[in-house]
Amino acid sequence: MLALRKWLLSGLLVIVPLAVTLGVLNWIVGTLDQTLWLLPEDWQEWLSAHRIRGLGVLLTLAILLAVGAVASNFIGKRLLGWGDALVRRIPVVRSIYSSVKQVSDTLFSESGNAFRTAVLVQWPREGMWTIAFVTGAPGGDVVNHLHGDYLGVYVPTTPNPTGGYFVMLRRSDCIELKMSVDEALKYIVSMGVVVPGGPAALPTKQS
């Protein structure tokens, strides 16, 4: 029985990471394959009949590179500026577009600081600690009601970090961690199993 249990655990350690990785990759490829509808209908029927997957990934990369190349030159910047101004004049659409564009510009900007720093904060109450990410500094009318030096912080949930809470805390209540964002995310997703820098010793009894 001990041997069977050992083999079962060893098999799980091999299969589970592989299955999850393949599942995520399958979802990504399937999602990006949706861009194939941009191709002519005859091409779509041929690709569907021959069950060729993964071309959506190449098509998406090609579109991103083409748009990036156009947006990087003078004429492309002017065209994007006109298009941006046009979209911002459309009711309802401008609110959604402006919000999404501001978030994406902040996240993907090389000079931005959002999600570049992992911090340790007390959450959801004093005495309980968790890892969070600095998103910026409070702005707008919020600064008129917060007295002192505050930071905007995103507290992710475990094991799904895409859900979480946005809170504003005093800078003095945030302890900057000497770990990369990738390491912090692995720590969160693994529920503390994958410890940055190696496994930690877990005391079972209080000395």
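Two strands pair if DSSP finds at least two bridges between them, and helices (H or I, at least four residues) and strands (E, at least two) are DSSP runs numbered from the N terminus. The model is predicted, so that local features need pLDDT of at least 70 and side-chain atom pairs count only at pLDDT 80 or more, while totals for chains, interfaces and linings use all residues. Residues are numbered from 1 along each chain as its sequence is written, and side-chain values use heavy atoms, with hydrogens and water left out.

**Exercise 1.** Determine which strands pair with β1.

Solution. Begin with β2 (residues 129–136), which pairs with β1 (residues 118–122) in the antiparallel sense over 5 bridges, with Ala-118 standing opposite Phe-133. Next, in the hairpin of these two strands, where 6 residues lie between them, Gly-127 takes a positive phi near 100°. Finally, turn to β5 (residues 175–176), which runs antiparallel to β1 and is joined to it by 2 bridges, Val-119 standing opposite Glu-176.

**Exercise 2.** Describe how helices α3 and α4 are arranged.

Solution. First, the axes of α3 (residues 55–72) and α4 (residues 74–87) come within 5 Å and cross at roughly 100°, where axes are lines fitted to C-alpha atoms, for helices over the stretch in contact, and angles run from 0 to 180 degrees between N-to-C directions. The two helices are therefore roughly perpendicular, a term for angles of 65 to 115 degrees.

**Exercise 3.** Decide whether Gly-197 is buried or exposed.

Solution. Gly-197, in the segment after α6 (181–189), has 87% relative accessibility and therefore counts as exposed, since exposed means over 50% and buried under 20% relative accessible area, with partly exposed in between (1.4 Å probe, protein chains only).

Methods
Parallel < 35°, antiparallel > 145°, perpendicular 65-115°, else oblique.
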